[in-house]
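These notebook entries record what I looked up, in the order in which I took up each topic. I began with a helix, and then turned to domains and chain contacts.

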Amino acid sequence: MKRRWEALKPWSWLAIFLAAMAASFAFGFHPGKQVFGHFRTFAIEMVTLIPFIFILVGLFDVWFPREQVQRHIGQRSGLKGILLVILLAMLQVGPLYGAFPVAYLLHRKGASIRNIFIYLGAFSSLKIPMLGIEIGYLGISFTLARTLISLPLFIGIGYLLEWYLKDRRFTIQEPKAQQGR
Amino acid sequence: MIDSAVVFIVLALGATLVSFLKDRRKTAQGLQKGWKMFLNVLPSFVNILMLVSVALYVVPSSLIVRTLGPGSGWVGMAMAALVGSIALIPGFISYPIAAVLVQQGASYATVAIFMTTLMLVGVMTLPLESSYFGRRVAVLRNALNFLAAIVIGLFVGWVL
């Protein structure tokens with residue numbers, strides 16, 4: 001019983017919203033009707049777009065497992081290393097703070113400082129699921145323009161930080177006990 | 001919007017067909033994975049759509065155009081950069097907002113700056129980042145990324 005309630009919990013806002021909408025229509029509350037009009041447009045938009053993006057993302061995940069890329073990333077540097085690190089980042093999902101532990105892992109496996117920061121840049125804004133949604137909402141030309149200018153900047157930041165940190169004994173630490181985070 | 005939906009539907013069906021012909025088991029796995037990810041983001045997605053629906057009624061589009069539109073210039077961009085750097089909004093959720101801003105008349109440069117600072121700069125997660133890289137490097141990385149985000153935004157606005 002309790003577990004069933006947990007499963008429904010994410011939908012509580014929707015329930016409240018729909019109840020408010022029903023009341024608006026029942027009592028002829030005009031602003032409510034207008035809000036619902038917006039919502040209906042968005043919902044239709046979402047249903048026709050998002051499921052198909054996730055079909056692509058799921059298939060991509062199965063055919064190009066990220067472990068496969070990760071295996072080749074440690075020692076290599078140069079152009080191939082950069083490309084692999086970007087590809088690895090593109091295959092990830094989740095928010096940026098989820099990339100820090102991976103950066104730590106890469107660092108421990110011997111990835112260069114440059115590649116680690118290129119990884120962070122690519123992770124933050126070139127993940128494939130995100131690109132899919134971005135194209136869906138803002139159009140392919142927006143995404144292309146943003147991606148094309150982003151890549152050289154991220155690589156530049158990687159080189160810059162590597163140059164700055166070269167003689168400074170830079171290490172990436174694993175945070176000690178994560179207090180309440 | 002509808003055009004891109006058609007493109008994605010065709011792409012998704014085509015990819016599924018090719019994948020199915022090559023390996024049925026993998027295809028089933030992939031579809032399952034995608035479906036699970038979709039269910040995971042669905043509640044937060046629906047929530048933000050409700051929020052945006054209400055916000056669209058409360059905040060008139062003329063106000064959006066005035067503060068973030070083509071005429072808003074540097075002030076609009078600075079505001080977009082500030083909000084984007086501080087706010088913690090997952091990408092899945094920020095794209096519908098960005099699309100609405102564009103529809104309501106915000107300029108591409110401003111929306112791009114908002115999106116890129118959101119993705120690249122994390123003021124709120126700075127303490128966490130510092131615990132990995134040290135404070136100095138974390139601040140440096142965010143500062144460099146902030147500059148990059150501005151350049152990216154200006155470039156996108158110039159191209160589109």
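**Entry 1: a helix of chain B**

I looked up which residues of α4(B) are buried, and I found B:Gly76, B:Met77, B:Ala80, B:Ala81, B:Gly84 and B:Ser85. I then viewed α4(B) down its axis: these buried residues fall within an arc of 160 degrees, so they line one face of the helix. I note that the model is a predicted one.

Next I took the dimensions of α4(B). The helix covers residues 73-86 of chain B, which makes 14 residues. From first C-alpha to last, α4(B) reaches 21 Å, close to the 20 Å expected at 1.5 Å a residue. I also asked what covers the buried residues of α4(B). I found that the cover includes three helices of chain B, namely α3 (61-68), α6 (108-120) and α8 (135-159).

**Entry 2: the domains of chain B**

I consulted the domain assignment of chain B, which gives domain 1 as 1-58 and domain 2 as 61-160. The C-alpha centres of these two domains of chain B lie 25 Å apart. Their contact takes seven residues from domain 1 of chain B and five residues from domain 2 of chain B. I sorted the domain 1 side of this contact in chain B by class and found six nonpolar, one polar and no charged residues.

**Entry 3: the domains of chain A**

I repeated the search for chain A, where the domain assignment gives domain 1 as 14-62 and domain 2 as 65-165. Between the C-alpha centres of domain 1 and domain 2 of chain A I recorded 33 Å. Each of the two domains of chain A gives five residues to the contact. On the side of domain 1 of chain A that touches domain 2, I found five nonpolar residues, no polar and no charged.

**Entry 4: a helix of chain A**

I turned to helix α6 of chain A, residues 99-108, and listed its buried residues as A:Ala99, A:Phe100, A:Ala103, A:Leu106 and A:His107. Seen down the axis of α6(A), these buried residues fall within an arc of 115 degrees, so they line one face of the helix. I looked for their packing partners and found α7 (113-125) of chain A together with α7 of chain B. Just after α6(A), I noted that A:Gly110 takes a positive phi of about 100 degrees.

**Entry 5: the contact of the two chains**

How many residues does each chain give to the contact? I found 61 residues from chain B and 62 residues from chain A. On the side of chain B that touches chain A, at least two residues each come from α1 (2-22), α2 (24-58), α5 (91-103), α6, α7 (126-133) and α8 of chain B. I recorded that α2(B) gives the most to this side of chain B, with 21 residues. By class, the side of chain B that touches chain A has 43 nonpolar, 14 polar and four charged residues.

Is B:Thr27 buried or exposed? I found B:Thr27 to be buried, because 21 other C-beta atoms lie within 10 Å. Leaving aside neighbours within four places in sequence, I listed the contacts of B:Thr27 as A:Leu59, B:Thr16, B:Ser19 and B:Phe20.

Conventions: Residues numbered from 1 in each chain as written. Chains lettered and ligands numbered in written order. Predicted model: local features only at pLDDT ≥ 70, side-chain atom pairs only at ≥ 80, totals over all residues. Domains from an automatic or database assignment. Nonpolar A, V, L, I, M, F, W, Y, C, P; charged D, E, K, R; others polar. Helix = DSSP H or I, 4+ residues; strand = E, 2+ residues; numbered from the N terminus. Expected span 1.5 Å × (residues − 1). Buried ≥ 20, exposed ≤ 12 C-beta atoms within 10 Å, placed from the backbone. Arc of directions from axis to C-beta.
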